[in-house]
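Q: I have a structure open and want to learn to read its features. Can you take me through them, one at a time?

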Amino acid sequence: TIFTPEQLDAYQDCTFFTRKEILRLFYRYRDLAPQLVPLDYTDKPDVTLPYELIGSMPELKDNPFRQRIAEVFSEDGDGNMTLDDFLDMFSVLSEMAPRDLKAYYAFKIYDFNNDDYICKSDLEKTVNKLTRNELTPEEVSLVCDKVIYEADVDNDGKLSLEDFQHMIVRAPDFLSTFHIRI
Amino acid sequence: MGKKKKCALQVIMEDAGIEIDGQVESDTESEEDEVKDKAPKKQPLRETGRASRLEKEKQEKDKEEDKSKEEDSCSQQNRTSRRKNCQNKNGDGKKAGEEGSRQRGKKAPTKDQRESENKERKTNKKEKEGENKQKKDRKNSTSSASSDSSGEESLSEEELAMLMEQVEQKKKLISTMRSKPWRMVKKLSVLREAQAFVEKFEGALGKGKGKKLYAYKMIMAKKWVKFKRDFDNFKTQCIPWEMKIKEVESHFGSSVASYFIFLRWMYGVNLVLFGLIFGLVIIPEVLMGMPYGSMPRKTVPRAEQATAMDFSVLWDFEGYIKYSALFYGYYNNQRTIGWLKYRLPMAYFMVGISVFGYSLMVVIRSMARNANQSTADGDDDNFIFSWKMFTSWDYLIGNPETADNKFASITTSFKESIVDEQESNKDENIHLRRFLRVLANVLIICCLCGSGYLIYFVVKRSQTFSKMQNVGWYERNEVEIVMSLLGMFCPPLFETIAALENYHPRIGLKWQLGRIFALFLGNLYTFLLALMDDVNEKLAEEDAVKNITHWMLLGHHNSSAGNSSTATPPPLDPADVPRGPCWETTVGIEFVRLTVSDILVTYITILVGDFIRACFVRFVNYCWCWDLEAGFPSYAEFDISGNVLGLVFNQGMIWMGSFYAPGLVGINVLRLLTSMYFQCWAVMSSNVPHERVFKASKSNNFYMGLLLLILFLSLLPVAYTIMSLPPSFDCGPFSGKKRMYDVIQETIELDFPAFVAKIFSYVANPGLIIPAILLMVLAIYYLNAVSEAYQRANAELKKKMQMQREEEKNKRNKAATPNPMLQDLEDILTPNTKSESQPKQAEDKKTESPTRISPAGKQGNTTALDRSPVTGGRGAAYTLPPHVFTTQPPPMGVWAPYPGQPRPRGHPLGPFPGRGRGRPRYSHAAR
């Protein structure tokens, strides 16, 4: 047995997954580095997979924000993940997670410099990642200004979490796109 | 400090006889803040809350309700103790408080500290949420708890109430654990604590009669949750092809998936139609009607019997298939069949009508639902760029090609929006543009007319061919081949021509869809007109045959009577009876042939155009001059619009043809079923995603609109033939009647009491029908006006909201301008609080030097109190790093009232300790 029943129950309470899905996620996690991850998690081994392995998962490897996702969800902030972080990540990105939770983590993902605000440099990074630097600097700047103009409710030139949530709860596609099926 | 506070708290709590748990949910901020909190509650939380409340109410009933005063007092007490709790703990327990202060104190917080700070803030908020809800419950729980404990329990009421409350909180915490933005480690530990707490005290509280019931209820609740989870899984498993479509979706994005969802929807509709027709028409006829060969219409005529079993029958639907229950002509006009007295002609007619009725209803209902959904997420134009920025990446994409396409489409959509935004219409040569557009339209209209004429010509020709005796395979299937070829080659041609117009790509797509639709429609209608000519010819022919048949039968009888003078003449073999052309069956065969050839052409196109091409590109690429994959042939894209239009068009054929060929729906069901698997496979194996990705939700309604249009258009010819053409005299369920709808009158006259017939004749009176239609038109007009008014009101509201938003922004702007003054004020105030915390600093230094608590941390905490969600932006400005304060030193007057302030070690006393020494002291402290 990989987990004790208590562990499984606890994971079920802490994530949006069923027992089977948790086990499947565990095997996905283990498949990334079978030599590192033991098959017995009952005594909570301290195993961390490096970002290179996490980022190479097929679900993530084409995502322009994969590094940010890994950084946000990892304990150390560098993208190296324990199993708990891994479960956390896919729980938040699962279909069942509520909008608020997703919005919170989306905010953190897009907040590249971790200053609790999405400022213009963050937006520029986002645009460049989304378009693979296809837009000219003027266009990027225009887009960022427009975003700030649209979403910045309190006029401080950057988006706070409240601004972001205010904007994102109205987005029709947010729930369907901010979601990884695993 | 933390330890001390904890002690104090412990004392208080122990006074009340309650054990402390590390994670008591208390709020950092003042209680008024809670009111502001308006975030929606989580569902599970509400549910558990409700469940427990119900439970408590039940308990309450058992006890008498005479302690209201006591309750009040105890809830009051409860509240005060809670408030103390808040003040003392300043956060959730000792650890959290420390954490918060530490974070805010640091000048340049490290990454994870920031993160946890975030977490902290969020946590507080969430807890506040919980608190808010619990407050509502508080009174309830208090009263129930107190009444519960009134008797023999050793604990006093308030304690019990608090305990209950805490247990409640814990349960809520457990149920909402998964939606808390914490690290898993924290979640797990909090969960464990909460569970332990609940386990420990649930028993204590549940003592008495409620305990067993409560345990039972808990078990049931758990079982119920599990059942619901399983049921949800089961439900998703029950949706056909869900996994297949999801797989396609994850590789090709949601727009391709929308086609398959549409296909699935269509399959469902066709299944219902199939059930209707097979259950009510075909199976009764096969089971209870006259058997094959018993009468002329159910027998292959002598002349055709030689070729009736040829293999080509499967392909051109002559021979035995023509004289089977799949076609109109097979049905007998016997009024009732079998021992059930099943009225088959009546059923045939009603099923023909209800096929249209059901389809109309389903299409309109689904359109209305779609429209509802699209209006539900209202204000579209407020956040164009923001939504593009933050929600355009589809995290489901797990395929490099799809990702490339998504990048491209995001880029183009950004560019589109930028173009829309600039709107500086720099029309460099508007005349050329206009000329090109007109030219393109002329060209396309020419194409459309040409293809229409071609079809008409071919149909005419096929009529002459049908009169000739020995015609080849090509001549017989010319119409189908030409139509399929047109359908194959015209859309790319249109696309090429449309490149001239240089439209905005989105508008261009709409034009393209409209043109292809017009092509299909034109083809269809030319085909129908030619068919009508055919039918009229057949009708004329029929008149002649009718006479011949009559005379021949008469002659047969006469001759037999004359020859052998026996009472009954030997019956003529049904195969030898001369018979009319039966135009209904001809029409039915035409539709079935068209459908089948369409299926074949579609499949062959997929096989050749997609699969063979993909194989070629893939394997020949190794030995070719240029890069085949990136260069000319490359892989085929999945053509969503073409496929959807093909599907819609095909469905129109089914609707039109199903009245004359009841088996057509069965063929269509088979087609949709195979096409689901075949196309899924083809897409996954040999296609690359479509470059132009359009929104699934919106285009879905567009497709529905096309479907509705074609449904209406296909209703017209059927209605026309039913209402105004006489049915054939010797085949079909309505033979012998003047018109097909006479079957209704007949049924009413023969099977219903007389007054129904009377009522019916009144109702059918034009004098009643015309007012009814008028009334309906008026109703439509009225409803339309109402909806328009609503729409206008909606737009007005939207505008108002926009205005309000602007106003608010402006107001904020104005509020932001006198900021410097405010900031000065803040600067005066903040040192105040800072100095308050100054004495503690020294102690902290000793006790917790490794954790490095700084005075600015306290200051950060206090400013955090001011930080209501509204002023979130400026709140951040207050949390200035410590050294900033040295540039704006606090006035002496503020420092003066605190003479007993301990100096930091290592710095000599200066005459103006607040002024000159600010920087070193702070930097030291922050170190």
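This is a predicted model: local features need pLDDT of at least 70, side-chain atom pairs count only at pLDDT 80 or more; totals for chains, interfaces and linings use all residues.

Q: Is the crossing of α7(A) and α14(B) left-handed or right-handed?

A: The crossing is left-handed.

Q: Which residues meet where α7(A) and α14(B) come together?

A: From α7(A), take Leu123(A), Thr126(A), Val127(A) and Leu130(A). They meet Lys388(B), Met389(B) and Phe390(B) of α14(B).

Q: How many helices and strands does chain A have?

A: Chain A has 10 helices and zero strands. Read from the N terminus, its elements are α-α-α-α-α-α-α-α-α-α.

Q: What share of the residues of chain A is buried?

A: Of 182 residues in chain A, 59% count as buried. Look at contacts as well. Among chain A contacts with a separation of 6 or more, 56% are between residues 24 or more positions apart.

Q: Now the rings. How many aromatic pairs does the whole structure hold?

A: A search over all chains finds 43 aromatic pairs. Take Phe3(A) and Tyr11(A) as one case. Their ring centres are 5.6 Å apart and their planes stand at 75 degrees, so this pair is edge-to-face. The cut-off behind that call is over 60 degrees.

Q: Are Phe3(A) and Tyr11(A) buried or exposed?

A: Phe3(A) is buried, at 6% relative accessibility. Tyr11(A) is buried too, at 5%.

Q: What kind of aromatic pair do Phe616(B) and Trp624(B) form?

A: Phe616(B) and Trp624(B) are edge-to-face, 5.7 Å centre to centre, with 75 degrees between the planes. Now check accessibility. Phe616(B) is partly exposed, with a relative accessible area of 36%. Trp624(B) is partly exposed at 37%.

Q: Which residues form one aromatic cluster in chain B?

A: Tyr328(B), Tyr330(B), Tyr331(B), Tyr348(B), Phe349(B), Trp583(B), Phe659(B), Tyr660(B) and Phe734(B) make up one such cluster.

Q: Rings can also sit under a charge. Which ring does the charged end of Lys158(A) sit over?

A: The charged end of Lys158(A) sits over the ring of Tyr117(A), 4.4 Å from the ring centre. Arg68(A) gives another case. Its charged end sits over the ring of Phe112(A), 5.6 Å from the centre.

Q: Last topic, the backbone. What is the phi of Asp116(A)?

A: The general idea comes first. Most residues other than glycine have a negative phi. Asp116(A) is not a glycine, yet its phi is positive, about 65 degrees.

Q: Where is Asp116(A) placed?

A: Asp116(A) is in the loop between α6 (99–110) and α7 of chain A. Asp116(A) is buried, with a relative accessible area of 13%.

Q: And where is Trp241(B) placed?

A: Trp241(B) lies in the loop between α9 (210–238) and α10 (242–288) of chain B. Trp241(B) also has a positive phi of about 65 degrees, although it is not a glycine. At 13% relative accessibility, Trp241(B) counts as buried.

Definitions and conventions:
Residues are numbered from 1 along each chain as its sequence is written. Chains are lettered from A and ligands numbered from 1 in the order in which they are written. Side-chain values use heavy atoms; hydrogens and water are left out. Rings of Phe, Tyr and Trp (its six-membered ring) pair if their centres lie within 6.5 Å; planes under 30 degrees apart count as stacked, over 60 as edge-to-face and the rest as tilted. Buried means under 20% relative accessible area, exposed over 50%, partly exposed in between (1.4 Å probe, protein chains only). A charge sits over a ring if NZ of Lys or CZ of Arg is within 6 Å of the ring centre and within 35 degrees of the ring normal. A crossing is left-handed if the near helix is turned anticlockwise from the far one by less than a right angle, and right-handed if clockwise. Helices (H or I, at least four residues) and strands (E, at least two) are DSSP runs, numbered from the N terminus. Contact means heavy atoms within 4.5 Å.
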